[in-house]
Protein chains: 4
Amino acid sequence: MKDFAAQDENYESRVRESFSKQNLMKTIGASLTKVLPGEVEISLGFRDDLTQQHGFIHAGVVSTLADTACGYAAFSLMAPDAAVLTVEYKINLLSPAVGESLVARGKVTKSGRTLTVCAGDVFALKNGEKKMVATMIATIMSIPGREGLMG
Amino acid sequence: MKDFAAQDENYESRVRESFSKQNLMKTIGASLTKVLPGEVEISLGFRDDLTQQHGFIHAGVVSTLADTACGYAAFSLMAPDAAVLTVEYKINLLSPAVGESLVARGKVTKSGRTLTVCAGDVFALKNGEKKMVATMIATIMSIPGREGLMG
Amino acid sequence: MKDFAAQDENYESRVRESFSKQNLMKTIGASLTKVLPGEVEISLGFRDDLTQQHGFIHAGVVSTLADTACGYAAFSLMAPDAAVLTVEYKINLLSPAVGESLVARGKVTKSGRTLTVCAGDVFALKNGEKKMVATMIATIMSIPGREGLMG
Amino acid sequence: MKDFAAQDENYESRVRESFSKQNLMKTIGASLTKVLPGEVEISLGFRDDLTQQHGFIHAGVVSTLADTACGYAAFSLMAPDAAVLTVEYKINLLSPAVGESLVARGKVTKSGRTLTVCAGDVFALKNGEKKMVATMIATIMSIPGREGLMG
């Protein structure tokens with residue numbers, strides 16, 4: 001994958017502002033830990049109230065982190081007035097999401113005028129080791145000039 | 001899709017018990033509203049703390065509901081000592097998830113010894129109307145005799 | 001899934017003309033066996049030169065049929081001057097593709113201005129029985145007014 | 001992604017022998033151009049009889065190459081008596097598949113006892129330039145000791 005240039009110099013504040021409006025991110029305790037043109041990382045400390053029946057972080061939370069990282073990776077390359085929507089994604093859960101924290105990294109694979117394709121990977125950090133727990137491909141849509149949906 | 005018969009007559013209590021151990025379901029306020037052999041529904045009332053930046057229910061929550069409904073639809077057909085894990089899923093978000101509540105329905109498409117394939121659909125209920133907001137295909141794995149992971 | 005109305009009364013001839021330009025369909029011997037607004041079926045007789053290592057029809061051929069059926073199901077609802085492109089799809093192979101013939105059915109789940117989401121199912125016909133061998137979700141894009149790509 | 005070690009020292013001949021039994025590969029003119037533990041490349045020269053309606057290589061052929069490369073990447077790490085089956089895959093088509101030839105590369109992301117997850121990328125070579133035209137995630141299954149299905 002190549003590096004990308006942002007068309008909007010304020011891409012980082014635009015991403016951070018939109019992220020701050022996602023109430024779900026506050027609810028699950030996720031935070032934006034990297035914002036680059038075409039690449040975003042979101043981190044989450046382990047919390048017992050986000051688990052599935054075996055005590056691992058629920059696949060739905062893992063997906064939420066990866067989807068959001070992919071969405072903002074795409075959003076970082078969009079025009080200032082564009083809104084971002086997830087069209088679809090596919091995720092494989094590779095290993096149980098256990099450990100002290102999770103880091104989801106979204107990277108743009110192909111940036112298009114309307115659609116952007118991203119790759120997302122989620123890692124669990126445990127006792128100083130980093131293990132890949134999920135991998136995603138996501139299709140993200142740019143909706144230009146929709147002021148009601150900005151961000 | 002055809003109807004399925006459960007091999008475990010206690011399938012419903014087994015599903016309900018496992019669901020009750022998913023802390024994330026309590027955290028987001030989701031409840032099991034239908035449990036049949038090969039078909040499960042999960043419902044969620046709209047909550048402002050589960051939204052994305054435009055005020056819709058976050059795609060991650062929509063996916064969580066559909067994934068969980070698919071997982072338990074598969075689990076309902078499994079042997080009593082099997083554990084259930086999501087291998088992967090793919091979801092398309094069709095319309096904004098807005099309204100009074102969401103209902104996710106998971107149905108088994110093909111039940112195999114190791115792998116079960118399910119179809120998941122999520123509907124939003126708003127002013128008495130029901131609108132499809134997402135569609136999923138999920139691959140679910142049965143892990144037999146793993147007592148540590150039962151449920 | 002609901003029924004759809006075609007905005008172009010010549011949708012069937014438009015689908016058939018575009019299909020006839022797909023050289024791959026001739027190469028593998030596939031034919032259009034149903035064209036309705038939002039629903040298309042493609043059939044293929046078993047051929048030994050389309051198999052994988054175990055003598056089943058190759059998953060790639062099964063996918064090709066389902067993808068093409070989904071693409072034309074979407075195309076049947078598009079404006080007369082639109083070109084159709086597959087954005088992405090996901091397919092689960094449920095059973096070996098064996099028998100006298102395969103039938104792939106693509107149906108529109110959600111028709112949008114730019115993107116259309118379709119469900120594809122592939123069935124094998126063997127000794128008078130019909131068995132589902134694959135299931136797909138596909139995202140199809142309409143590209144309006146691109147004369148160079150019409151069809 | 002890390003490097004993998006093959007458990008079967010004859011992995012390459014096993015992959016090549018199975019590939020040679022895929023009649024579809026002969027029919028479309030594809031050849032195995034790299035076989036490493038956990039990584040396989042398949043190449044295809046442009047052919048007019050493999051196109052869709054705009055003259056590009058059909059998405060179904062692009063998918064076939066990527067699926068097959070992923071399947072054999074997984075197969076290279078399996079035990080000598082295992083059969084390989086594709087459970088499912090998801091592919092995004094990024095750019096038109098045009099040029100002199102296509103190269104599909106499948107790499108193992110996670111190798112498990114029963115399931116292996118692979119990443120597939122397809123590139124078009126045109127006038128000395130290499131362009132990514134598709135990206136895939138595939139889930140591949142190992143079926144041990146099924147002599148009737150060996151390879």
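Some housekeeping. Residues count from 1 along each chain as its sequence is written, while chains are lettered from A and ligands numbered from 1 in the order in which they are written. Because the model is predicted, local features need pLDDT of at least 70 and side-chain atom pairs count only at pLDDT 80 or more, whereas totals for chains, interfaces and linings use all residues.

I'll start with chain A by itself. Chain A contains three helices and six strands; these are DSSP runs numbered from the N terminus, with helices being H or I of at least four residues and strands being E of at least two. Read from the N terminus, the order is α-α-β-β-α-β-β-β-β. The radius of gyration of chain A, 15 Å, is close to the 15 Å that the globule rule gives for 151 residues, so the chain is as compact as a globular protein of that length. That radius is taken over C-alpha atoms, and the rule is 2.2 Å times the number of residues to the power 0.38. Along its principal axes, the C-alpha trace of chain A spans about 45 × 30 × 25 Å.

Of the 151 residues in chain A, 57% are buried, meaning that 20 or more other C-beta atoms, placed from the backbone, lie within 10 Å of the residue's own. Next, contacts, where two residues count if their C-beta atoms, placed from the backbone, lie within 7 Å. Among contacts in chain A between residues at least 6 apart in sequence, 67% join residues at least 24 apart.

Now to chains A and B. Each gives 31 residues to the contact. On the chain A side, α2 (23–28), α3 (59–75) and β3 (83–93) each supply at least two residues, and β3(A) has the largest share, eight residues. By class, that side has nine nonpolar, 16 polar and six charged residues. Nonpolar here is Ala, Val, Leu, Ile, Met, Phe, Trp, Tyr, Cys and Pro; charged is Asp, Glu, Lys and Arg; the others, Gly among them, are polar.

What does β3(A) pair with? Its partner is β3 of chain B, residues 83–93, in the antiparallel sense over five bridges; strands pair if DSSP finds at least two bridges between them. A:Lys90 has B:Lys90 as its bridge partner.

Last, chains C and B. Here nine residues of chain C are in contact with nine of chain B. On the chain C side, β3 (83–93), β4 (101–111) and β6 (129–143) give two or more residues each, and β6(C) gives the most, three.

Notes:
A residue is buried if 20 or more other C-beta atoms lie within 10 Å of its own, exposed if 12 or fewer, and partly exposed in between; C-beta atoms are placed from the backbone.
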